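This report describes one protein chain. It begins with the core and then turns to the fold as a whole.

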Amino acid sequence: MSCILSTEASIGGLKAKLREEFTEVPESKSSHVSEALARALGFDTHAALLAAVRSPNRLPPPEDDYRQLDYEAFRQRLLATERLR
């Protein structure tokens, strides 16, 4: 499993890379990838991820907040979202 520093910049960069690389669902909507990425980082929704990342009093502090990326959770969430289209 990979780890990612959970800042808006690193999450945004990862999302862009995933949209380029993820070939199982070739034309995924940006919002679907956002929701799947949030799930892969342990959040129920993208809104919950943003709230955690943007919180001024978050612990651990942003420079120490690394999260494991769960590829299977990402894949499952993205595929489930795509089936609903």
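## Nonpolar core

The largest nonpolar core holds 16 residues. I11, L14, L37, L41, L49, L69 and F74 have the most contacts inside it. Such a core is a set of buried Ala, Val, Leu, Ile, Met, Phe, Trp, Tyr and Cys residues joined through side-chain atoms within 4.5 Å. Helices α1 (8-21), α2 (30-40), α3 (46-54) and α4 each supply at least two of its residues. The most come from α2, which gives 5.

L49 touches I11, A38, L41 and F43, leaving aside residues up to four places away in sequence. Contact here means heavy atoms within 4.5 Å.

## Basis of the model

The model is predicted: local features need pLDDT of at least 70, side-chain atom pairs count only at pLDDT 80 or more, and totals for chains, interfaces and linings use all residues. Residues are numbered from 1 along each chain as its sequence is written, and side-chain values use heavy atoms, with hydrogens and water left out.

## L78 in α4

L78 sits in helix α4, residues 71-83. L78 counts as buried because its relative accessibility is 0%; buried means under 20% relative accessible area, exposed over 50%, partly exposed in between (1.4 Å probe, protein chains only). The C-alpha atoms of L78 and S28 are 8.0 Å apart, across 50 residues of chain.

## Whole chain

The chain has 4 helices and 2 strands. These are DSSP runs numbered from the N terminus: helices are H or I, at least four residues, and strands are E, at least two. From the N terminus, the order is β-α-α-α-β-α.

Of the 85 residues, 34% count as buried. Among contacts between residues at least 6 apart in sequence, 74% join residues at least 24 apart.
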